[in-house]
Structure formats: structure tokens, C-alpha cells
Amino acid sequence: MLQVVDAKILARHAPKTEISFSFDKGTINEIPYEERYKFEFLKLKNQSLEKGEFILDDTKVFPNEEEAKTIILIAVNSLIKFDICFLVDKEEKEKKVNEIKQKLFEVKDLPTTTNEEKNAKIAAIFSRIADILPSYILFNLNLDENKNNAELQQQLERIKDQILVIVLKQQDTEKVPEKEEEIEEEYITDISIGENTTSTTYKKEEYIVTKKKESHFFKQFAFMIKENIMVFLSFLIPTVGVVAFAMLSPLYGQTNNKVLLIPFIITIVVCSFLYLLMTYKCTSTYFDKEALKEKKLLIYFIINFIITSFGCGLGILIFILFKNFDTDLKGLTIPTLTYILGGVAYFILFTSCLYLGLIINKIKLLFKKK
């Protein structure tokens with residue numbers, strides 16, 4: 001079952017008030033052309049959900065309460081055109097995409113010379129869809145490939161009890177449809193299975209896609225802070241430890257308490273490891289096309305820069321307190337190495353999110369190949 005509850009959809013054709021709708025198996029769920037914003041929302045194109053709930057397969061997709069789940073949307077281009085959507089475990093995403101591609105490519109080379117062969121191929125496509133059981137399937141009956149296609153209608157009737165089927169009805173008037181806004185291909189996975197089409201594949205991880213780029217950026221920024229505030233704050237202690245003791249080490253190296261350099265160095269190493277480990281965990285998934293397009297890495301970098309800068313400031317404050325209140329340090333000239341180590345430590349920490357995940361992922365891939 002699919003439910004949208006008390007939702008406000010930010011879309012060109014959507015109403016400004018809250019709406020609710022639901023679809024279930026057992027019938028061909030028809031969406032009037034005048035309500036095509038619902039269809040476009042379910043295609044994950046040019047849509048943004050400002051408020052409300054999106055529930056799919058008893059899982060609340062928005063607000064995102066099941067972080068282990070993700071949505072895959074796949075566009076299929078053949079004798080007919082449609083979209084299939086899957087709600088899967090994030091860890092199984094790549095495996096699921098490959099499984100779907102393999103199933104659909106089984107019918108790629110079927111002949112389509114005669115009407116009988118074309119109908120047989122359409123039937124074969126639906127047979128594969130029945131095997132992979134998507135969460136829902138979308139058909140736009142305004143497309144030439146789908147319009148007035150008797151075999152398509154027959155197959156939809158056949159699978160409606162097994163799979164949630166949603167169709168956009170044909171436009172009733174003679175008006176020329178408005179020109180749709182251009183959609184970047186990276187929003188969907190596009191699989192072509194025959195005819196004179198080229199097969200291209202992209203990943204789709206999140207279902208919220210907005211046409212207002214700047215607005216979306218700030219919404220994503222606020223969302224990441226709100227949902228991960230404790231994670232970001234946990235970076236403060238390692239930052240303080242690295243910066244403060246990196247700056248103090250050259251000073252204590254001039255005193256008779258050089259033995260303190262041992263716990264200082266241990267603290268620097270441990271705090272650096274914790275910081276880099278947390279950074280890798282937070283950013284390792286931000287290096288694919290979708291994440292980069294959504295500017296998630298940039299958003300994370302900005303937040304990380306703010307938190308790390310604040311932590312660095314606290315580290316400098318601790319250095320000043322030690323310098324002014326530790327009798328061993330009073331009167332000592334601050335060596336240039338203190339500023340160098342503090343600056344280098346800060347630079348490495350706040351820039352690590354830009355390259356750490358990429359480097360480690362490539363190293364892991366290299367070992368897998370071996």
C-alpha cells in the first residue's frame with residue numbers, strides 16, 4: 001500500500017493546501033491528468049514534500065524514520081515505457097539494481113517484427129516484473145508507446161492483484177500539454193531493453209528532489225544539522241584534543257617535563273584517529289553522482305568547517321590557559337612550530353571530509369580486485 005498523508009507537495013501543479021491520497025493493489029489506480037502532480041511526485045521528479053508523510057510498504061519514507069531503507073526508481077524504455085519503484089535495504093541497493101537489470105535484459109533481444117512478437121515481448125516484460133515484485137509500477141498513458149495499447153491494458157489487469165499499479169490517465173482536452181521542465185538524468189535509473197535505444201544507468205538514493213535548487217540546498221542544510229546535531233558535536237572533543245596538545249607539545253619540549261610529551265602524543269594520535277574515523281563514516285557515501293549533485297558533501301563540509309573551527313578555538317583557549325597558568329610555561333617564548341602544528345592540524349581535520357572517503361573507498365576497491 002502507498003499513502004501520502006496530510007502532505008504539502010511543492011510542485012507546479014499541486015494545490016497549496018494539504019492533501020492525502022492512497023493507492024493499493026487489486027485495482028488499476030488511475031490519476032486524472034489534472035492531478036498529474038501526484039504522478040510526478042511518485043516518479044520522484046521535480047517534487048519536494050514540505051510536510052506530511054509518505055508511507056510505502058508500511059515504512060515511513062518521509063519523515064525518514066527507517067534510515068536502513070532507500071528507494072530505487074527505475075525507468076524502463078522499450079515497446080512500452082514505465083517506471084518501477086522499489087523500497088530496499090540500503091546495503092542491498094546495488095545488488096537489487098543488478099538483479100533488476102539482469103531480469104529485464106533477459107527480454108532485450110526478443111524479436112519485435114510482427115504484432116504478435118511485440119505482444120509476446122510485452123508479456124515477457126510483465127512476467128519479469130512479476131518475478132522482481134516492485135513496490136509500485138507507474139504508466140503514463142499519454143505517451144505514444146502506452147497510448148491505446150491493448151496488450152498493455154491486458155497485462156495491467158493481469159498483475160493488478162499482485163503489484164500496485166498506478167496510471168496517469170490521458171488528457172481529456174485538445175490542449176497542447178505544457179512543456180515539462182527538464183529533468184537531470186541522474187535522478188533515476190534508466191534501463192532500455194530493446195529497440196533503438198541506448199542503455200544508461202544512474203543511481204537514485206533519495207526520493208525528495210526539488211526544482212528550487214537554492215531552497216533545497218538550505219532545506220538540506222537545516223535537515224542535516226537537525227538530524228545529526230549530536231554527531232556533529234561529537235567532533236568537538238577530538239578537535240580540541242588534537243589542536244590543544246599539538247600546540248602545547250613544542251612548549252613542553254622546552255621544559256624539564258618532557259615526559260609529558262608521551263601522553264600528549266598519544267592523545268593527538270587517538271583524537272586524530274577518532275576524528276578521521278567519524279569523518280569516514282559520515283562521508284563515505286557522499287561520493288556518488290547523486291550525493292554530489294545534491295551538494296551533500298558541500299553541506300557536510302560547511303557544517304564540518306563550523307564545528308571544527310569552533311573546536312579549534314576551544315583548543316587555542318586551552319593552550320592559552322596552560323601558557324598563562326602553568327608555571328613551567330610562563331616566560332617561555334612561543335616557538336614558531338607551535339603555530340605551524342596548530343595550523344596544520346586544523347587544516348587536515350576540516351578538509352579530511354573532502355578526500356578521506358574517496359581515498360579509503362578506492363583502497364578498498366583495489367584490495368577487492370586483488
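Reader: Is the crossing of α6 and α7 left-handed or right-handed?

Author: A crossing is called left-handed if the near helix is turned anticlockwise from the far one by less than a right angle, and right-handed if clockwise. The crossing of α6 and α7 is left-handed. Please note that this is a predicted model, in which local features need pLDDT of at least 70 and side-chain atom pairs count only at pLDDT 80 or more, while totals for chains, interfaces and linings use all residues. Residues are numbered from 1 along each chain as its sequence is written, and side-chain values use heavy atoms, with hydrogens and water left out.

Reader: At what angle do helix α6 and helix α7 pack?

Author: Helices (H or I, at least four residues) and strands (E, at least two) are DSSP runs numbered from the N terminus. Axes are lines fitted to C-alpha atoms, for helices over the stretch in contact, and angles run from 0 to 180 degrees between N-to-C directions. Helix α6 (residues 236-252) and helix α7 (residues 261-283) pack at about 150°, their axes being 8 Å apart. They are therefore roughly antiparallel, a term for angles over 145 degrees, where under 35 is roughly parallel, 65 to 115 roughly perpendicular and the rest oblique.

Reader: Which residues make the contact of α6 with α7, and of what class are they?

Author: Contact means heavy atoms within 4.5 Å. The residues involved include Val 242, Phe 245 and Leu 248 of α6, and Phe 264, Ile 268 and Leu 274 of α7. By class, this contact has 14 nonpolar, five polar and no charged residues. Here Ala, Val, Leu, Ile, Met, Phe, Trp, Tyr, Cys and Pro count as nonpolar, Asp, Glu, Lys and Arg as charged, and the others, Gly among them, as polar.

Reader: How do the axes of α2 and α3 cross?

Author: The axes of helix α2 (residues 93-105) and helix α3 (residues 115-132) come within 9 Å and cross at roughly 155°. That makes α2 roughly antiparallel to α3, and their crossing is right-handed. Among the residues in contact are Lys 96, Glu 99 and Ile 100 of α2, with Arg 128 and Asp 131 of α3. The classes here are three nonpolar, no polar and five charged residues.

Reader: Which residues touch the most other members of the largest nonpolar core?

Author: In soluble globular proteins, nonpolar side chains tend to be buried together. A nonpolar core is a set of buried Ala, Val, Leu, Ile, Met, Phe, Trp, Tyr and Cys residues joined through side-chain atoms within 4.5 Å. Buried means under 20% relative accessible area, exposed over 50%, and partly exposed in between (1.4 Å probe, protein chains only). Of the 30 residues in the largest core, Leu 2, Ile 9, Leu 42, Phe 54, Tyr 136 and Ile 166 touch the most other members. A second, separate core of 29 residues includes Val 76, Phe 82, Ile 125 and Phe 139. Buried residues make up 46% of the 370 residues in the chain.

Reader: What is the phi of Asp 6, and where does Asp 6 lie?

Author: Most residues other than glycine have a negative phi. Asp 6, although not a glycine, has a positive phi of about 45°. Asp 6 lies in strand β1 (residues 2-9) and is partly exposed, with a relative accessible area of 43%. Asn 148 also has a positive phi, near 55°. Asn 148 is placed in the loop between β8 (136-140) and α4 (150-159), and counts as exposed at 68% relative accessibility.
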